[in-house]
Amino acid sequence: MIGKSSDTWLIVGLGNPGREYEKTRHNAGFRAMDILAQKLGGKPDKLKYQGFYCQVNYRDKKLLLLKPQTFMNLSGRSVAPLAAFFKVPVRNIIVLFDDISLPPGRLRIRPDGSAGGHNGIKSLIQELGSQDFPRVKIGVGAKPHPDFDLADWVLSAFTAQEEKDLQPALERAADAALAIIDHGVPEAANRFNGSK
């Protein structure tokens, strides 16, 4: 039955809007979202609450696919009002985003947790008033050395080899989001964590 809030899910891909950021490490979430939308036959192109979103039906559930257009550090300002408008419970918000602690090509699924230094997640926790949302972390590689500026690193492009490793991971990240809906976080984590 479509319409119950427990049957409504919001999947968010994090990134920065603008062509110059398209292929940067920070935009892994946007890229995974584009793949997911394509798989589900949707296109996040309706502008609402500072984000592009679309609505698709998936196995009798209503899925909202969102790409915030606020820039990474303010992502929560798009996610929280959209979730409130569609009455999506926090536990039904799945976030796809880049993680520098994982090498390109690796995934890690978590049921909840702190921001771990990620400004997009920090903004979501702040605006939602909760950290109890599942997430799919997409490895984008660690800084080359400790002194390297973090902002410069996440806004840098992938090498050709990293890009090659990343592509299948983006596909799997899209599948992982659906696996969370179908089977729950623990089973999805067993299937996708660390996979390459």
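**Rings and their labels**

Author: In this predicted model, a search of the whole structure finds 5 aromatic pairs.

Reader: Why is the pair of tyrosine 21 and phenylalanine 71 called edge-to-face?

Author: The planes of tyrosine 21 and phenylalanine 71 stand at 85° and the centres are 6.0 Å apart.

Reader: Where in the chain do the two partners, tyrosine 21 and phenylalanine 71, lie?

Author: Tyrosine 21 is in the loop between strand E1 (8-13) and helix H1 (28-40), and phenylalanine 71 is in the loop between strand E4 (61-68) and helix H2 (76-85). They are 50 residues apart.

Reader: Is phenylalanine 71 buried, exposed or partly exposed, and how do you know?

Author: Its relative accessible area is 41%. Buried means under 20% and exposed over 50%, so phenylalanine 71 is partly exposed.

Reader: What makes phenylalanine 85 and phenylalanine 86 an aromatic pair?

Author: Their centres are 4.9 Å apart, within the 6.5 Å limit, so they pair. With 85° between the planes, this pair is edge-to-face. Phenylalanine 85 is partly exposed at 44% relative accessibility, whereas phenylalanine 86, at 14%, is buried.

Reader: How do you know that the charged end of lysine 67 sits over the ring of phenylalanine 30?

Author: The charged end of lysine 67 is 5.0 Å from the ring centre of phenylalanine 30, and the distance limit is 6 Å. Arginine 135 likewise sits over the ring of phenylalanine 133, 4.3 Å from its centre.

Key: Residues are numbered from 1 along each chain as its sequence is written. This is a predicted model: local features need pLDDT of at least 70, side-chain atom pairs count only at pLDDT 80 or more; totals for chains, interfaces and linings use all residues. Side-chain values use heavy atoms; hydrogens and water are left out. Rings of Phe, Tyr and Trp (its six-membered ring) pair if their centres lie within 6.5 Å; planes under 30 degrees apart count as stacked, over 60 as edge-to-face and the rest as tilted. Helices (H or I, at least four residues) and strands (E, at least two) are DSSP runs, numbered from the N terminus. Buried means under 20% relative accessible area, exposed over 50%, partly exposed in between (1.4 Å probe, protein chains only). A charge sits over a ring if NZ of Lys or CZ of Arg is within 6 Å of the ring centre and within 35 degrees of the ring normal.
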